[in-house]
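This report describes one protein chain for a reader who has not seen it before.

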Amino acid sequence: MTTPDPSAANGPTAPNGPTAPTAPNGPTAPEAPPTTPSSWLREHSELGVSLLLFALGALVLTDTLGMTVAAGQRGPVGPRTVPLVVGAGLLVVTVLLALDVLRGGRGEAEGGEDIDLSEPTDRRTVLLLAGVFLGFAVLIGPLGFPVAGALLFWGAAATLGSRHHTRDPLIAAGLSLLTYLVFNNALGVPLPGGPLMGVL
């Protein structure tokens, strides 16, 4: 004789209904680290460029306003015109850049099809360019601006990779001579002529 199943006597058990869903434990948002002066400066590092531009603009304007101009050189376009425009433009750019940085603007990382950002800095080219500018500063006194400027333009082009040994010196000499004539004759800003002073 079989014994009755005690669970059968109590009738069929009711199926367990759906339990109330529990709130999932999602990832909690990380707390923002406290802002320190060093982190604020790091996030607004472009303000350093604004300070540099401001210093350059103030220097240009100070030197220009202290420039002595002969009575014959005064006019609508004189020796002070271009420096005043450049200095004022630097100050305007300073203000606009500072406002953009303080409003959250950030400079985009440089990218280009022919630029490999993983490559190190070409120190050789930088040092050669620095040497070219230093040589220009040394030679402009004894040789004058036309000759020293031509060597500057030619040396910079050769340093940056140009290998047109016939065309580059001619273009450099033309640019240097044109720059000398514009500043010395048209704008009234005297530049050292050197041995070519009597010819030009």
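Along the sequence, the protein chain follows the pattern α-α-α-α-α-α-α. That amounts to 7 helices and 0 strands. The model is a predicted one.

## The chain as a whole

The protein chain has 200 residues, and buried residues make up 19% of them. Its exposed surface comes to about 15,100 Å², of which carbon and sulfur atoms supply 67%. Among contacts between residues at least 6 apart in sequence, 59% join residues at least 24 apart.

## The nonpolar core

Which residues make up the largest nonpolar core? The core has 7 residues in all: Val132, Phe136, Phe145, Ala148, Leu152, Tyr180 and Leu191. The elements that give two or more residues to this core are α5 and α6. Helix α6 provides the largest share, 3 residues.

Phe145, a member of this core, lies in helix α6, which covers residues 145-159. Phe145 counts as buried because its relative accessibility is 10%, and buried means under 20%. Leaving aside neighbours within four places in sequence, Phe145 is in contact with Phe136, Ile140, Ala150, Ser176, Thr179, Tyr180, Leu191 and Pro192. Among these contacts, Phe136, Tyr180 and Leu191 also belong to the core. Phe145 and Leu196 are 51 residues apart in sequence, while their C-alpha atoms are 9.2 Å apart in space.

Phe136 is itself buried, since its relative accessibility is 17% and the limit for buried is under 20%.

Ala148 is another core residue. With neighbours within four places in sequence left aside, Ala148 is in contact with Phe136, Leu139 and Ile140.

Is Thr159 buried or exposed? Thr159 is buried, with a relative accessible area of 17%. Beyond its neighbours within four places in sequence, Thr159 is in contact with Thr125, Leu128, Leu129 and Val132. One of these, Val132, is a member of the core.

## The nonpolar surface patch

Leu134, Val138, Leu139, Val147, Leu151, Trp154 and Leu196 make a nonpolar surface patch of about 570 Å². Helix α5, residues 123-143, and helix α6 each supply at least two residues of the patch. These two helices are also the elements that give two or more residues to the core.

Two patch residues, Leu134 and Leu139, can be looked at in turn. Leu134 lies in helix α5 and counts as exposed, because its relative accessibility is 57% and exposed means over 50%. The C-alpha atoms of Leu134 and Leu152 are separated by 9.4 Å, and the two residues are 18 residues apart along the chain. Leu152 belongs to the nonpolar core. Leu139 is found in helix α5 as well, and its relative accessibility of 31% makes it partly exposed.

## A charged pair

Side chains of opposite charge can pair when their charged atoms come close. How many salt bridges does a search of the whole structure find? The search finds 1 salt bridge. In it the side chains of Asp168 and Arg167 meet, at 3.9 Å from N to O. Asp168 is buried, with a relative accessible area of 9%, whereas Arg167 is partly exposed at 45%.

## A residue in helix α4

Val86 is found in helix α4, residues 81-102. Val86 is partly exposed, with a relative accessible area of 42%. Val86 and Leu56 are 30 residues apart in sequence and 9.8 Å apart in space, C-alpha to C-alpha.

## C-alpha distances side by side

The residue pairs with a stated C-alpha distance are collected here.

| Pair | Separation in sequence | C-alpha distance |
|---|---|---|
| Phe145 and Leu196 | 51 residues | 9.2 Å |
| Leu134 and Leu152 | 18 residues | 9.4 Å |
| Val86 and Leu56 | 30 residues | 9.8 Å |

Key
Residues numbered from 1 in each chain as written. Predicted model: local features only at pLDDT ≥ 70, side-chain atom pairs only at ≥ 80, totals over all residues. Heavy atoms only, no water. Helix = DSSP H or I, 4+ residues; strand = E, 2+ residues; numbered from the N terminus. Buried < 20%, exposed > 50% of the residue type's maximum accessible area, 1.4 Å probe, protein only. Contact = heavy atoms within 4.5 Å. Patch = residues over 30% accessible without salt bridge, like charges linked within 9 Å, V, L, I, M, F, W, Y side chains within 5 Å. Areas by Shrake-Rupley, 256 points an atom, 1.4 Å probe, with all protein chains shown as cover. Salt bridge = Lys/Arg side-chain N within 4 Å of Asp/Glu carboxyl O. Core = buried A, V, L, I, M, F, W, Y, C linked by side-chain atoms within 4.5 Å.
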